[in-house]
Amino acid sequence: MTEWISNLFNLPELAMPSFGIASILDIALIAFVVYKLLGWVRQTRAWGVFKGIATLAMIYLVAYFLGMHTTVWIISQTVTWAVIALMIIFQPELRKALERLGKGRRLPFLTFLQEEKPDNSEVVVQEIVDALQKMSKVNTGALIVVEQEVPIKDLEASGVLIDAMVTSQLLVSIFEKNAPLHDGAVLIRQDRVKAATCILPLTAEHLSSELGTRHRAAVGMSETSDAYVLVVSEETGAISIAKDGKLYRGLTKEEVQKMLLSNIKPQKSKRFSLRNRK
């Protein structure tokens with residue numbers, strides 16, 4: 001068996017390794033990484049490419065067993081260049097995967113690198129929800145990023161520093177149509193409005209044609225961080241939340257408040273999720 005594998009991939013003769021606890025852990029780790037990688041790939045445009053690569057691998061095996069030397073040679077010669085090309089083409093997806101890997105509590109042994117942050121109080125959440133409701137009634141477009149565990153100070157640097165207490169009056173005044181700071185997003189960290197006019201990355205995923213740039217920016221920001229991104233539609237006044245690359249639309253005041261408190265105050269309420277709404 002090992003001789004056949006060596007001939008197939010032009011490898012030196014393989015020797016059967018010793019099998020023990022370390023081997024079991026090694027296999028389990030690789031299986032976990034592959035499982036997570038496949039789960040991530042299925043949610044990106046790389047899934048089609050992955051299926052193409054799997055098809056190409058099947059063609060290679062069939063060609064090898066049938067003795068189709070020209071086909072085998074062409075595929076083997078293009079593999080190295082194909083890997084480099086894929087890394088260039090899917091650079092945004094690879095960066096997104098690494099950012100997700102470093103999110104929140106997924107790496108407990110790196111918690112000493114994370115900043116200690118107190119939970120936002122229910123009062124702060126209430127101020128945010130009140131502002132959303134007021135802007136929704138008059139169709140004032142808004143985009144608010146509520147930072148969670150993953151620091152997003154690069155976002156703060158892209159806007160205008162404010163560093164003021166979170167109040168509904170402040171948020172409403174920022175997003176007034178003729179206000180100088182109404183363009184872009186507001187960043188909230190703990191109980192402070194840190195910056196306004198922040199620039200968010202746009203998602204590459206397909207969204208409904210009725211959604212505009214605010215919603216695309218909200219989803220894009222939620223893909224690269226664990227932040228809650230709140231949106232008020234300027235056309236309909238509908239309130240939406242983007243979280244982990246998903247957009248929850250047409251939410252009520254109570255739903256927004258419950259969703260924010262589920263993460264911001266985890267000791268008082270459990271996590272919950274809402275299905276995508278139209």
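# Close-up views of a predicted model

**View 1**

View 2. The buried residues of helix 6 are Val124, Val125, Ile128, Val129, Ala131, Leu132 and Met135. They lie on the same side of helix 6, because the arc that they cover around the axis is only 155 degrees. Val123 and Lys137, on the other side of helix 6, are exposed. Just after helix 6 comes Asn139, which takes a positive phi of about 55 degrees.

View 3. Side chains of opposite charge can pair when their charged atoms come close. Here the side chains of Lys253 and Asp130 meet in a salt bridge, with 3.6 Å from N to O. Because Lys253 lies in helix 10 (residues 253-264) and Asp130 in helix 6, the pair ties together parts that are 123 residues apart in sequence. Lys253 counts as partly exposed, at 26% relative accessibility, and Asp130 also counts as partly exposed, at 21%.

**View 4. A salt bridge between two strands.** Asp163 and Arg192 form a salt bridge in which the closest N and O atoms are 3.2 Å apart. Asp163 belongs to strand 2 (residues 160-165) and Arg192 to strand 4 (residues 192-198), so this pair ties together parts that are 29 residues apart in sequence. Asp163 is partly exposed, with a relative accessible area of 33%, and Arg192 counts as partly exposed at 26% relative accessibility.

**View 5. A salt bridge between two loops.** Glu210 forms a salt bridge with Arg249, and the closest N and O atoms of this pair are 2.3 Å apart. Glu210 lies in the loop between strand 4 and helix 9, while Arg249 lies in the loop between strand 7 and helix 10, so the pair ties together parts that are 39 residues apart in sequence. Glu210 counts as exposed at 57% relative accessibility, whereas Arg249 is buried, with a relative accessible area of 15%.

Terms used. Residues numbered from 1 in each chain as written. Predicted model: local features only at pLDDT ≥ 70, side-chain atom pairs only at ≥ 80, totals over all residues. Heavy atoms only, no water. Buried < 20%, exposed > 50% of the residue type's maximum accessible area, 1.4 Å probe, protein only. Helix = DSSP H or I, 4+ residues; strand = E, 2+ residues; numbered from the N terminus. Arc of directions from axis to C-beta. Salt bridge = Lys/Arg side-chain N within 4 Å of Asp/Glu carboxyl O.
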